[in-house]
Amino acid sequence: MKREPLNIGVMGSGRGSNCQSLIDAIAAGRLNARIACVIADVPDAFILERARKHGIPAFYLDPAPFKTKLDGVAETRYIETLRAHGVQAVALAGFMRIVKNGLLAAFPQRVLNIHPALLPAFPGMDAWKQALDYGAKVAGCTVHFVDAGTDTGPIILQRAVPVREDDTSATLHARIQEQEHLAYPEALQALAEGRLSVQGRRVIIQAPGA
Ligand code: GRF
C-alpha cells in the first residue's frame, strides 16, 4: 500500500539550492513528500522565490529580536505557521539560526538539518572552509536530526568528497553541495517511508522494501 506523502516544512536563509533539490526529487518521484511551506528569516532570501515559482506557500517571518537563534515570539510564529500548513517534518536547509527546544518539542525527532562537513568534524559556520584551512583530504556533508546542540544530533547519512590541492573555498563548497543535493532527498525519503529509527546516538536505516 502506498503511503501518504510526508508533509515537509523547509526553513532557510539563503539560496535554497537544497530546497530546490527536494522540489526536484519530489517531481522525479524519488521523494514521496510534499513541501507544505517554506519559511525564511531573511526577507529577500532566494529560497522564497524558488518556492513561489513552484506554487509553494513561502513566508518571510521576522526573527526579531534575536540575531542568532529562533526563540520567543518568533519561534511561536514559526511553529504556528508550520502547524497551519500541516507540516509533519521540518527540513532546515541553510537556516542560519540555532533552533531551540520549542521547535524541537513541537516536532519531536522530526527536525532535520544538512551540514556541509563530515560531522563531528567542523561544526558551525563555513564548515567547508574550516575543512580546507585545516588541510583535510576528505570533506563532505551530513544529514542529521537536530538536537539542542549545534550540529550535534544523531547522524542519518553522510557523503564524502575529496579535497583537491587546487581547491578554493568556492570549488570545494560546490563539490560538497552536489552531494548535499543527493543526500537530503535520500534521508527524507527514508523518513517518509518510516525506515529511520534512532537508538541512542545511532540512526538505523532500513533498506527500502525490507
Ligand atoms: C548548505 O551548504 C548547507 O549544508 C548549509 O547551508 C548551505 C545552504 O545552501 N547548512 P542552500 O541555501 O541550500 O543553497
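Student: What makes helix H1, strand S7 and helix H6 the elements to name around the ligand?

Tutor: H1 (17–27), S7 (111–115) and H6 (169–192) each supply at least two residues of the shell around the ligand, and the largest share, 3 residues, comes from H6. Helices (H or I, at least four residues) and strands (E, at least two) are DSSP runs, numbered from the N terminus. The model is predicted: local features need pLDDT of at least 70, side-chain atom pairs count only at pLDDT 80 or more, and totals for chains, interfaces and linings use all residues. Residues are numbered from 1 along each chain as its sequence is written, and side-chain values use heavy atoms, with hydrogens and water left out.

Student: How is the shell around the ligand divided by residue type?

Tutor: The shell holds 2 nonpolar, 7 polar and 2 charged residues. Ala, Val, Leu, Ile, Met, Phe, Trp, Tyr, Cys and Pro count as nonpolar, Asp, Glu, Lys and Arg as charged, and the others, Gly among them, as polar.

Student: Where does the ligand sit?

Tutor: The ligand sits in the largest pocket, a term that requires more than half of its atoms to lie within 2 Å of the grid points.

Terms used:
1 Å grid on protein atoms, 1.4 Å probe; cavity = no way out; pocket = protein on both sides within 12 Å on 5 of 7 lines; lining within 4 Å.
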